[in-house]
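Please prepare a short briefing on the aromatic contacts and on one of the sheets in this model.

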Amino acid sequence: MTRIAIVEDEEKYYHILKEYIQKYAGENSEEIEAIWFQNGVEFLEKFHSDFDILLLDIEMPVMDGISVARDARKVDDYMIIIFITNMAQYAIHGYEVNALDYVIKPIAYYPFSVKLRRAIRMIRETSGNSLLLPFDGEERRIPTKDILYVEVHSHTIEYYTYSGISRITGTLKMVEQNLSDDYFVRCNSCYLVNLRHVTGLKDDTVIVEGHSLKISRAKKKEFMNQLSIFYSEAL
């Protein structure tokens, strides 16, 4: 399911956008959930990197759309932002927050549907290249390439990332299945290593960005084989 946040202070435009989203979903057999926020402050108070697309009005009281987008980007670099505006010249600021596009009021269905289709296609192309992980009580979208390795303690999974350590409950097998197509390989029963970040080998130890992780006898042959394949593809 695609989750869309609509941040729009004018109720009539919210209803127009909701109608267009429902029409698009029906025509394309898509599952889409749209949630309305009447201003940017309300949106930011409830935002935890849990939306795929943000439809954001630029001209709003209390807090303008550009400021809302800047604050949202501090939490989520990957959410797609489409500005809603009365005047195209305001949308030029979109480059500051890596906005995908903008829609001009009054909103017409066809150009809106084209932009929505493009946004959903981009989500599909990049899904699986990032994970929502908890950090200090809030969820953040982390690119899988920025995960150094994963460690399991009993049923606690620890993701070691450039942003710090994130802990969830689960099994390493579950994580391994989610990351199997993204250069992650077990070096023993406790560690799942991102081959992108292997910086050295010493005896039965793999060095991952300064962290020394034990390579077990049972996993050594497969791990070394996968590491060799990774380096040959990278060259």
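Does Tyr-14 count as buried or exposed? At 9% relative accessibility, Tyr-14 counts as buried, where buried means under 20% relative accessible area, exposed means over 50%, and partly exposed lies in between, with a 1.4 Å probe and protein chains only. The model is a predicted one, in which local features need pLDDT of at least 70 and side-chain atom pairs count only at pLDDT 80 or more, while totals for chains, interfaces and linings use all residues. Residues are numbered from 1 along each chain as its sequence is written, and side-chain values use heavy atoms, with hydrogens and water left out.

**Aromatic pairs**

- Rings of Phe, Tyr and Trp (its six-membered ring) pair if their centres lie within 6.5 Å, and planes under 30 degrees apart count as stacked, over 60 as edge-to-face and the rest as tilted; by this rule the count comes to 11 aromatic pairs.
- One of these is the stacked pair of Tyr-14 and Trp-36, with 4.3 Å centre to centre and 10° between the planes.
- Because Tyr-14 lies in helix 1 (residues 11–28) and Trp-36 in strand 2 (residues 32–37), this pair ties together parts that are 22 residues apart in sequence; helices (H or I, at least four residues) and strands (E, at least two) are DSSP runs, numbered from the N terminus.
- Trp-36 has a relative accessible area of 22% and is partly exposed.
- Phe-37 and Phe-51 form an edge-to-face pair, at 5.9 Å centre to centre and 90° between the planes.
- Phe-37 belongs to strand 2 and Phe-51 to the loop between helix 2 (40–46) and strand 3 (53–57), so the pair ties together parts that are 14 residues apart in sequence.
- Both Phe-37 and Phe-51 are buried, and together with Phe-43 and Phe-47 they form one aromatic cluster.

**Charge over a ring**

- Arg-3 lies over the face of Phe-51, at 4.6 Å from the ring centre, a charge being counted over a ring if NZ of Lys or CZ of Arg is within 6 Å of the ring centre and within 35 degrees of the ring normal.

- An open sheet of 3 strands has the order 13-14-15 with antiparallel pairing, where two strands pair if DSSP finds at least two bridges between them.
- Its edge strands, each pairing on one side only, are strand 13 (198–202) and strand 15 (211–214).
- Strand 13 and strand 14 (residues 205–208) pair in the antiparallel sense over 4 bridges, and Leu-201 has Val-206 in strand 14 as its bridge partner.
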